[in-house]
Amino acid sequence: VRVCVLGVGLWMPGTPDIVAWRAGAVIADAATPPARLPARLQRRASLLISMAAEVATQAAAQAGLALSDAQLPLVVGSAYGELATTMAILREVESEDGVVSPTRFQSSVHNSAAGYLSIAFGNQAPATSIAAGNDTVAMVLVEAMTLLACQGGLVLAIAADEGLPAALTSGKATPLAAALLLAAPDATTPRAPLAVLDDLRPEPGIAGSGVETDAPCSTILPLLNAILTAAERPETPPQSITLAPALHTPVWSLSVRSSLGSWDAT
Amino acid sequence: MVPVPVTAYAAVNALGTATRDVVSALRAGRAGLRPCPLALPFEAPTGVLPTRAPRLPPSLAAFDSPTTRLAVAGLDELLPAIGRARARHGAARVALVVGTTTAGLARTEEAHRHLTTTGALPADYDFHRQHSFGGLVEALRRMTGIAGPAYVVSTACSASAKAVGAAQRLLQAGIVDAVVVGGVDGLAQTTLRGFHSLEILSPEPCRPLSRERRGINIGEGAAYLLLEREGDAAVSLLGVGESSDAHHMSAPHPEGRGARLAMTQALQSAGRAARDVDYINAHSPGTRLNDLSEGQAITELFGADVPVVSTKGYTGHLLGAGGATEAVFSIVAIEQGWIPASLGADPVDAELRILVPTTRLERPCRYVLSNSFAFGGSNVSLLFGSAA
């Protein structure tokens with residue numbers, strides 16, 4: 001399954017976009033994501049939802065699309081989901097009256113970001129929300145690429161996680177969200193693609209990737225870098241990227257190459 | 001889309017701890033609702049398994065949570081069929097897609113309470129293995145030996161129906177040759193108290209589609225289908241429709257806009273017309289808002305003559321396991337030729353212009369549509385049909 005990348009987005013605290021990340025710059029006033037949602041939704045949005053809205057906006061802008069104009073299928077991957085909201089509910093359950101806030105409860109579901117984005121941008125296309133531990137980024141790509149293979153058109157894929165709660169784990173993770181606006185090879189697109197993704201597959205002979213990575217969505221960073229390298233230097237040979245955390249055996253890999261020139265023939 | 005044979009299926013829930021028992025209770029019109037085993041300051045009849053799901057085997061003990069126990073108990077029956085699929089296609093050509101909303105949440109609730117009262121987490125609490133969705137995936141992967149794509153779909157109450165859609169695409173795109181697809185959810189304080197706060201939890205056994213309905217009951221359970229590119233099966237998955245309401249996080253669109261879109265697309269993808277459908281398994285969990293919205297969408301598309309049943313009165317609302325469980329019920333209706341009574345629906349809400357059978361109907365069913373809707377405005381409609 002081969003797909004085109006039309007746009008990318010990245011947000012981490014202090015790293016407001018992919019340009020800042022590649023430059024190694026820390027932007028002090030980028031402590032929270034910019035508000036991208038209508039006020040009534042933004043007021044109740046968790047960090048995960050706000051980050052997802054920001055990276056979606058970045059990826060769409062790079063592709064020359066406005067989220068409010070596009071009926072885009074959404075794939076949102078998150079290893080842990082609405083963790084801060086879940087922690088607040090745990091404390092509510094243990095409080096004297098034990099009453100869980102209804103607003104908090106309905107925003108605690110894993111598909112909150114997908115739901116908020118579809119509501120904010122009037123997007124009636126299918127939206128899904130998935131998780132797969134260390135393989136979360138790889139499975140976001142599996143889900144997005146199979147959608148494109150079956151239905152064509154465009155898909156907005158997002159991978160995002162909040163930081164981990166110190167009460168429940170000694171693990172440390174920086175909040176991170178990234179987005180890829182992907183298109184089927186024959187889709188009509190406003191701008192030329194940045195790169196082509198191909199050959200997503202598990203490394204043969206390796207089953208299972210362990211479970212103990214604290215920030216599995218950060219495995220998308222080398223992929224974003226490879227996409228921009230292919231866009232900037234079309235002569236770069238196809239790059240093989242493993243979607244696995246540093247301390248674990250690679251499981252899923254894919255190739256990234258320029259959408260221009262000689263590599264297209266392969 | 002190309003029809004996808006359902007070569008095996010299994011379900012455990014309040015109706016039984018084996019698929020055969022579940023189906024015979026459904027046929028007999030017997031509810032499985034019981035007092036909730038969780039300590040709660042309100043009445044909440046709940047779909048509880050007749051006997052508790054067993055402990056995990058030692059090889060999986062590190063992944064222990066109430067939901068993972070249910071997931072493993074429900075999948076046990078399918079292990080021989082999964083083994084045959086693995087042998088036929090190779091482990092890397094078999095995928096696992098599981099819908100859930102809670103995963104290890106109940107385990108984390110217990111661990112957090114321990115932390116609050118003693119100052120420390122339980123010694124054997126493991127966030128990555130027991131709380132996170134990835135832990136559930138890894139436990140089921142180890143249990144089944146599946147080496148293809150493996151992930152959780154978590155779109156609240158449509159999760160396992162969405163998982164069926166994902167499974168169909170994995171097959172159509174040629175990524176794998178077989179998919180174990182299903183859903184699981186256990187009981188948690190968060191869900192019971194959360195639905196109570198939203199004022200939609202019923203203090204009595206739920207009465208979906210009835211004018212006397214007072215809300216929903218929650219249930220625990222797990223259900224799975226084995227979908228294969230080719231295989232002997234009485235029933236196939238024929239169509240999948242998915243949409244977003246783009247309206248509200250917890251309330252359905254009042255005219256059922258997203259529901260209608262999902263049902264229309266399920267029919268289109270199967271190349272069938274509305275008049276072909278013999279029976280609709282409604283989402284209908286027991287709230288007036290859902291019934292009016294779903295009812296209107298059904299009337300507009302199908303008229304008032306197709307039997308519409310909610311099975312939530314038997315099992316409670318199984319949340320992430322609901323779509324897969326009701327897929328099993330839909331498959332059984334086609335295989336065995338009967339439509340279950342819509343338990344608790346009598347007297348049917350006359351505001352709904354749909355046909356709701358309050359006793360079992362013995363009749364052949366060729367095509368059955370099953371709806372699942374969820375928070376976030378997530379809608380899925382699945383069409384199953386006789387493979388003959």
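Predicted model: local features only at pLDDT ≥ 70, side-chain atom pairs only at ≥ 80, totals over all residues.
View 1. Residues are numbered from 1 along each chain as its sequence is written, chains are lettered from A in the order in which they are written, and side-chain values use heavy atoms, without hydrogens and water. Helices (H or I, at least four residues) and strands (E, at least two) are DSSP runs, numbered from the N terminus. A pocket is an open set of points on a 1 Å grid over the protein atoms alone, with protein on both sides within 12 Å along at least five of seven lines; lining residues have an atom within 4 Å of a point.

The largest pocket holds about 780 Å³ of space. Its lining has 30 residues, and Arg52(B), Ser65(B), Pro66(B), Ala106(B) and Glu110(B) are the closest to its centre. H4(B) gives the most, five residues. By class, 14 lining residues are nonpolar, five polar and eleven charged.

**View 2. The second largest pocket has about 550 Å³ of space.** Of its 34 lining residues, Ile200(B), Ser250(B), Pro252(B), Thr287(B) and Asn290(B) are the closest to the centre. Helix H10 (288-302), strand E13 (367-374) and strand E14 (378-386) of chain B each supply at least two. H10(B) makes the largest share, with four residues.

**View 3. The largest cavity has a volume of about 330 Å³.** A cavity is a set of grid points where a 1.4 Å probe fits but cannot get out. The structure holds eight cavities of 30 Å³ or more. The largest cavity is lined by 24 residues; nearest its centre lie Ser108(A), Val109(A), Thr101(B), Thr102(B) and Leu105(B). Helix H4 (83-94) of chain A and helix H8 (189-197) of chain B each give at least two lining residues. The largest share, three residues, comes from H8(B).

**View 4. Helix H7 of chain A spans residues 136-151.** Its 16 residues reach 22 Å from first C-alpha to last, close to the 22 Å expected at 1.5 Å a residue. Just after H7(A), Gly152(A) takes a positive phi of about 65 degrees.

Methods: Expected span 1.5 Å × (residues − 1). Points joined across faces, edges and corners; volume = space filled by probe spheres on them. Nonpolar A, V, L, I, M, F, W, Y, C, P; charged D, E, K, R; others polar.
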